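I opened a notebook for this one and wrote down what I looked up, entry by entry.

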Amino acid sequence: MMSKRSTEKFVFYYFPTSFSSQKILFALYEKDVFFKKKLVSLFCGQHNEPWYVRLNPDGYHIPVLKHGEKIVVEPADIIDYISNVTKPAGGHPLVPGLDSELGRNVQEMRGKLDAIPMDILTYGIIYHPHLSNTGCLIPYALQRSMKENFANRLCLLTELAARHPDLRDAYLSKSQLAASNFDIITDADRVKTQLDELMPLFASIEDQLKKIKEEGSEISDELWLFGPMFTAADISLAILLSRLSLLGLAGRFFPASKFPCIHQYYYQVRKRPAFVKIRKEIANLKWTMAWENFKWVSPYIIGGVLVGSGVGAGYLIYKKLSDGCE
């Protein structure tokens with residue numbers, strides 16, 4: 001029997017192109033959870049608006065999951081919560097218990113993958129496009145707007161801290177983190193170091209997938225990081241590979257010639273229904289944004305081009321990824 005909490009409605013505050021939001025979407029779709037969508041537009045700066053900061057005062061970005069009166073803000077904690085609350089429905093849990101070897105392996109791999117500073121890598125490639133092997137697939141107009149937005153973020157957060165004294169600490173904390181990241185993002189050598197430090201992790205993932213393939217080929221035709229069970233570690237890896245492809249880094253981190261198992265893994269995971277749903281949601285972003293902007297225009301838009309670029313960006317990103325990421 002489902003508990004009262006498990007039957008309450010999920011409300012998900014997110015944005016489809018957000019790296020962390022995509023992980024949670026994957027988990028929700030994977031477990032076939034019904035949830036109400038609340039768009040928090042990064043293009044319009046809604047993640048910095050007081051109503052959202054009150055909901056998630058310690059969070060640097062989005063998403064947030066609300067379930068009844070329960071509010072969960074950290075991406076890894078949200079996936080843990082989804083896995084736990086959907087257990088009564090049956091099926092394999094996304095997060096196996098730590099009393100099993102599988103659970104401990106999943107936890108270790110998630111820790112490594114979730115520790116990757118994706119904000120720094122994403123903006124680092126935008127600021128230093130020569131670090132991308134094949135060129136970033138984010139439309140140029142949107143890249144330009146993202147750079148302008150990030151550069152203006154410190155001033156905006158300081159102004160908001162002064163304007164909303166009750167949220168001053170939250171805004172200043174976000175400002176300090178943004179300043180720290182900006183110092184790294186604008187330094188090409190430091191971004192390159194971050195990229196170089198990922199290579200050993202990808203080598204170990206290739207070895208793990210090769211091992212699973214050799215040991216489990218007779219068990220299932222569809223194998224994941226730790227066997228036939230698709231887990232939260234696979235969600236982290238799938239969304240990471242997708243983002244690296246978007247940044248034009250697939251050829252660096254998982255070319256078929258050097259890392260054939262990861263390359264095949266990405267080809268396989270892109271066919272998974274939950275992954276396909278995320279891609280379609282990004283493709284439909286231009287219509288979603290148009291509707292949201294019609295309903296409510298944010299007072300924190302930094303330049304009209306930001307929304308104008310974002311409205312069509314979803315489809316372009318989807319199209320480029322579909323055409324050029326095999």
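**Charged pairs**

I began with Arg54, which counts as partly exposed at 46% relative accessibility. For that label I used these cut-offs: buried is under 20% relative accessible area, exposed is over 50%, and partly exposed is in between, with a 1.4 Å probe and protein chains only. The model is predicted, so I noted that local features need pLDDT of at least 70 and side-chain atom pairs count only at pLDDT 80 or more, while totals for chains, interfaces and linings use all residues. Residues are numbered from 1 along each chain as its sequence is written, and side-chain values use heavy atoms, with hydrogens and water left out.

Next I looked up the partner of Arg54. Its side chain meets that of Asp166 in a salt bridge, 2.9 Å from N to O. Asp166 lies in the loop between helix 7 (140-163) and helix 8, and Arg54 lies in helix 3 (residues 50-55), so the pair ties together parts that are 112 residues apart in sequence. Asp166 is exposed, with a relative accessible area of 54%. A salt bridge here is a side-chain nitrogen of Lys or Arg within 4 Å of a carboxyl oxygen of Asp or Glu. Helices are DSSP runs of H or I with at least four residues, strands are runs of E with at least two, and both are numbered from the N terminus.

I then turned to Arg110 and Asp80. Their closest N and O atoms are 2.7 Å apart in a salt bridge. Arg110 is in helix 5 and Asp80 in helix 4 (residues 75-85), 30 residues apart. Arg110 is buried at 8% relative accessibility, and Asp80 is partly exposed at 30%.

Lys23 and Asp114 came next. Their side chains form a salt bridge of 2.9 Å, N to O. The pair links distant parts of the chain, with Lys23 in helix 2 (residues 19-30) and Asp114 in helix 5 (residues 101-114), 91 residues apart. Lys23 is buried, with a relative accessible area of 6%, and Asp114 is partly exposed at 29%.

How many salt bridges does the rule give? The count comes to nine. I also noted a network of salt bridges that links Glu30, Glu222 and Arg272.

**Helix 2**

I checked the length of helix 2. Its twelve residues should span 16 Å at 1.5 Å a residue, and its end C-alpha atoms are 17 Å apart, which agrees. The expected span is 1.5 Å times one less than the number of residues.

Is helix 2 mostly covered or mostly open? It is mostly covered, as eleven of its twelve residues are buried. Among them are Phe19, Ser20, Lys23 and Tyr29. Asp32 follows helix 2 and has a positive phi, near 55°.

**Pockets**

I looked for open space next. A pocket is an open set of points on a 1 Å grid over the protein atoms alone, where a 1.4 Å probe fits, with protein on both sides within 12 Å along at least five of seven lines; lining residues have an atom within 4 Å of a point.

The largest pocket holds about 1100 Å³ of space. A volume is the space filled by probe spheres set on the points, which are joined across faces, edges and corners. The lining has 45 residues, and Ser18, Phe19, Ser20, His61 and Asp119 lie nearest the centre. Helix 6 gives the largest share of this lining, five residues. By class the lining has 27 nonpolar, twelve polar and six charged residues. Here Ala, Val, Leu, Ile, Met, Phe, Trp, Tyr, Cys and Pro are nonpolar, Asp, Glu, Lys and Arg are charged, and the others, Gly among them, are polar.

The second largest pocket holds about 300 Å³. Helix 5 gives the most to its lining, with six residues. That lining divides into four nonpolar, three polar and five charged residues.

I ended with Ser175, which lies in helix 8 (residues 168-185). Ser175 is buried, with a relative accessible area of 11%. Leaving out residues up to four places away in sequence, Ser175 touches Leu154, Leu157 and Thr158. Contact means heavy atoms within 4.5 Å.

For the totals, I noted 16 helices and four strands. Of the 326 residues of the protein, 53% count as buried.
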